[in-house]
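The sequence and structure are shown below.

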Amino acid sequence: MAKVKVTLLGTGTSQGIPVIGCQCATCLSTDPRDKRLRCSALITGEGTNVVIDVGPDFRYQMLRSGVNSLDAILLTHEHNDHIIGLDDLRPLIFLRQKSMPIYGEERVLEQVRQRFDYAFGENKYPGAPSFELIPIGPGDKIEVSKLTFEAVRVMHGGLPIIAYKTSSIGYATDVNAIPHESMDALKGLKVLILSALRQKRHHAHFSLEEALEMFRVLRCNKGVLIHMSHRMGPAKDLQAVLPENVLAGYDQMVINLDV
């Protein structure tokens, strides 16, 4: 039986926690669980390392986790807090001595081309990153060495984005709706990692109540909350009100599974 490890590299929103200038209880908390970098996850298994989303904290996330090699990047969508750290892949690309495979929808990859245009010119300067952009769509299977991921359509407000599933683990961030045709792909998982922005409803993100209802509907064995803003409240208070099978995710949380 294969072993898969998920490390939550970051569990915060686009502003991170603490938020600059904020004096709320979450931002002033000394609890390490309330220090949240931008959302990203590392999936390790069968000698393979894959990262989902590469935000502005990517360099520190890699150093903090002691990761020295990556085999591929999976992108959920094109917002800055999910792709703007791609330039920091350079040291890992230099170690690989070949381009880094980056999977995403064509719309997302076009944004990568625009924001990192210096990586794609005919006469690139020495030291520029080298990306291999690989378009995917909902339902596609992505083979990275011995790991297989499935791309699943979810919605972020009016923006269609991608969640990922590997074996019995699902990862869906920045979500406010899961289309009916995607429900079966995420149903009955051992672990579903799902975003919940805050207590109150939001037009483009699940609230806490909505995320908990989705865990119930999808009948996952364990739910883990990510992409939480400072308005969710301190981690200790949040965990105290969650169902027994739901955890408030935090940076550097490790989830080990036999799949």
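In this predicted model, Glu 78 has a relative accessible area of 10% and is therefore buried, since the cut-off for that class is under 20%. Glu 78 lies in the loop between β4 (72–74) and α3 (80–83). The side chain of Glu 78 makes a polar contact of 2.8 Å with the side chain of Arg 107. When neighbours within four places in sequence are left aside, the residues in contact with Glu 78 are Ile 83, Arg 107, Val 108, Gln 111, Arg 115 and Leu 159.

A second topic is the aromatic side chains. The model contains 4 aromatic pairs. In one of them, the ring centres of Phe 116 and Phe 131 are 6.3 Å apart and the planes stand at 90 degrees, so this pair is classed as edge-to-face. The pair links distant parts of the chain, 15 residues apart: Phe 116 belongs to the loop between α5 (106–115) and β6 (131–135), whereas Phe 131 belongs to strand β6.

Tyr 118 and Tyr 125 form a tilted aromatic pair, with 6.2 Å from centre to centre and 35 degrees between the planes. Ring pairs join Phe 116, Tyr 118, Phe 120, Tyr 125 and Phe 131 into a cluster.

| Residue | Relative accessible area | Class |
|---|---|---|
| Phe 116 | 4% | buried |
| Phe 131 | 9% | buried |
| Tyr 118 | 28% | partly exposed |
| Tyr 125 | 42% | partly exposed |

Notes
Residues numbered from 1 in each chain as written. Predicted model: local features only at pLDDT ≥ 70, side-chain atom pairs only at ≥ 80, totals over all residues. Heavy atoms only, no water. Helix = DSSP H or I, 4+ residues; strand = E, 2+ residues; numbered from the N terminus. Buried < 20%, exposed > 50% of the residue type's maximum accessible area, 1.4 Å probe, protein only. Polar contact = N/O pair within 3.5 Å; in protein donor to acceptor, adjacent residues only side chain to side chain. Contact = heavy atoms within 4.5 Å. Phe/Tyr/Trp six-rings, centres within 6.5 Å; stacked < 30°, edge-to-face > 60°.
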